[in-house]
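Visitor: Please show me the structure. I would like to ask about it piece by piece.

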Amino acid sequence: MLDVNHVIKKYGKNLACNDVTFHLNPGDTTILLGPNGAGKSTIMKSIMGFLKYQGAITVDGNVNKSVEAKKILGFVPEMPALYPNLTVSEHLEFIARAYKLTDYKGRIEELLTRFELDDKRKKFGDELSKGMQQKLNLCIGLLPNPKVLLLDEPMIGLDPHAIKELKKYIEQMRSEGKTLLISTHIIDSVDMLWDRTIIMQNGMVKANVTKSELEGTGQNLEDLFFDVTEGINKEEEA
Ligand code: ADP
């Protein structure tokens with residue numbers, strides 16, 4: 001469903017993505033793990049077509065920058081980019097019209113209720129607290145209900161209720177067959193169902209394993225993470 005082939009992205013001399021290749025199967029939930037600065041956001045922004053890079057990325061066989069790809073690709077960025085002069089409701093209405101969504105009013109209501117923004121619908125973007133901005137950012141990303149959704153550090157800045165709702169929402173999207181790529185640097189936050197994990201470090205993919213492959217090794221996600229990023233187990237064995 002999503003093919004990332006030999007992507008290289010440099011910011012000046014800084015190699016943020018160094019020959020990144022991976023493939024996501026339709027309907028899979030993939031956890032993109034890596035320490036800060038590993039290149040997770042950069043590969044997500046490259047997939048979304050926001051950056052110039054070398055390499056090739058396709059979504060369901062379409063080049064990621066094509067209209068066909070954009071129709072099925074969604075993104076929840078790490079940093080909310082809201083309009084200071086639009087209210088919460090107007091943000092969602094704007095996104096619904098931009099994506100030419102039909103029958104979206106009920107979905108907007110559901111999202112506002114789930115993420116406890118229903119009493120904030122008349123507040124402007126610049127009147128929202130950081131946490132409320134994060135929640136609106138999430139609602140904006142979820143509203144179009146895309147086939148393939150990238151969530152960049154989606155738990156950061158959310159209160160416990162919103163984290164719980166988001167996890168439930170992720171399970172729901174997974175059961176609906178969406179292809180999900182969720183980045184995080186916090187291993188403990190990965191307690192939802194997942195199918196594959198990709199671990200990045202220094203711009204490179206250091207591990208790419210399915211859940212059943214990991215279970216077969218007897219390692220848990222934390223063991224694998226420290227094994228590939230710090231070589232803990234190798235040192236112990238040496
Ligand atoms: P992660 O999401 O895993 O924390 P990023 O993709 O944000 O990592 O960053 C990867 C590398 O690229 C880091 O070294 C970071 O400093 C650098 N980087 C990210 N964005 C920019 C930018 N806009 N300009 C210059 N360097 C950047």
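Visitor: Which residues are linked with Glu 110 in a network of salt bridges?
Guide: A salt bridge here is a side-chain nitrogen of Lys or Arg within 4 Å of a carboxyl oxygen of Asp or Glu. The model is predicted: local features need pLDDT of at least 70, side-chain atom pairs count only at pLDDT 80 or more, and totals for chains, interfaces and linings use all residues. Residues are numbered from 1 along each chain as its sequence is written, and side-chain values use heavy atoms, without hydrogens and water. Linked with Glu 110 in the network are Arg 114, Glu 165 and Lys 168.

Visitor: Is Glu 165 buried or exposed?
Guide: Glu 165 forms a salt bridge with Lys 168, with the closest N and O atoms 3.3 Å apart. Buried means under 20% relative accessible area, exposed over 50%, partly exposed in between (1.4 Å probe, protein chains only). Lys 168, at 43%, is partly exposed. Glu 165 has 11%, so this residue is buried.

Visitor: Is Lys 120 buried or exposed?
Guide: Lys 120 meets Asp 119 in a salt bridge of 3.1 Å, N to O. Asp 119 is exposed, at 57%. Lys 120 has a relative accessible area of 16%, so Lys 120 is buried.
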